[in-house]
Amino acid sequence: MLTVHHLGVSQSERIVWLCEELGLAYDLKRYDRVPPGRGMGPPDYKALHPLGTAPIITDGDVVLPESGAIIEYILGRYGDGRLSVPPTAANFADYLFWLHFANASFLPAQGPAAQARDDDSPRGKFMRARGERTWELTEARLGEAPYFAGDDFTAADIIMVFNLTTMRAFAPRDLSPYPNILAYLQRIGARPAYQRAMAKADPQMAPMLT
């Protein structure tokens, strides 16, 4: 049985959501941070894999971390073509870009250290400018298309939404300058699978959709 090991208020919400969108049978095992709030995973979570980071899934003998790898694994094993874009499609490159942009470029540029306002070094200025570009690029894309890969909701949306929502619990961001992102998040928030996933993953936390 596929098991999603979810560390509270973390990137692993994506995997719960993916399973809900696909209608998969899966086990959800929740772990609280130690100390509560913004702490790290507890010892039994860290023991799952040497990385000890969220998300992690187990599936038979498979123990797999990393959001992108998990999403591709689940889609490949259980997706039956759903929520992905085939290589023959015109928007295949768009799908691949946003699927990988989420963690390769966007997330590293949003952390508190990367956005430290008191760091006036050349590196600090570069990281802040890079972070702003990721938001500008995202806002522009959502002005061009309703979803990141184009007209249809895909796994690219599932991996991107954490950056626009729950990540702001760690790196606050006012979304009022981004009307396209705000409109997009309302579309996401209306999805029944997203509502179910967030209620299961972090019932104590209202989704950060505004």
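1. Let's start with the fold: the protein chain has 8 helices and 4 strands. Here helices (H or I, at least four residues) and strands (E, at least two) are DSSP runs, numbered from the N terminus. Walk along the sequence and you get the pattern β-α-β-α-β-β-α-α-α-α-α-α.

2. A quick word on what you're looking at. This is a predicted model, where local features need pLDDT of at least 70 and side-chain atom pairs count only at pLDDT 80 or more, while totals for chains, interfaces and linings use all residues. Residues are numbered from 1 along each chain as its sequence is written, and side-chain values use heavy atoms, with hydrogens and water left out.

3. Now the overall dimensions. Along its principal axes, the C-alpha trace spans about 50 × 45 × 30 Å. As for what lies inside, 51% of the 210 residues count as buried, meaning under 20% relative accessible area with a 1.4 Å probe, protein chains only.

4. Contacts are worth a look too (a contact means heavy atoms within 4.5 Å). Take the contacts between residues at least 6 apart in sequence: 64% of them join residues at least 24 apart.

5. Next, the largest nonpolar core, which has 50 residues. Such a core is a set of buried Ala, Val, Leu, Ile, Met, Phe, Trp, Tyr and Cys residues joined through side-chain atoms within 4.5 Å. Trp17, Ile57, Ile71, Ile74 and Tyr184 touch the most other members. Elements giving two or more residues to this core include strand S1 (2-7), helix H1 (13-22), helix H5 (122-144) and helix H6 (155-164). The largest share, 7 residues, comes from H6. There is also a second, separate core of 5 residues, with Leu7, Tyr31, Tyr45 and Ile56 among them.

6. Finally, zoom in on Tyr184, which sits in helix H7. Is Tyr184 buried or exposed? Its relative accessibility is 0%, so Tyr184 counts as buried. Leaving out residues up to four places away in sequence, Tyr184 touches Leu142, Pro146, Tyr147, Phe148, Asp157, Val161 and Leu164. For a sense of distance, Tyr184 and Arg82 are 102 residues apart in sequence and 21 Å apart in space, C-alpha to C-alpha.
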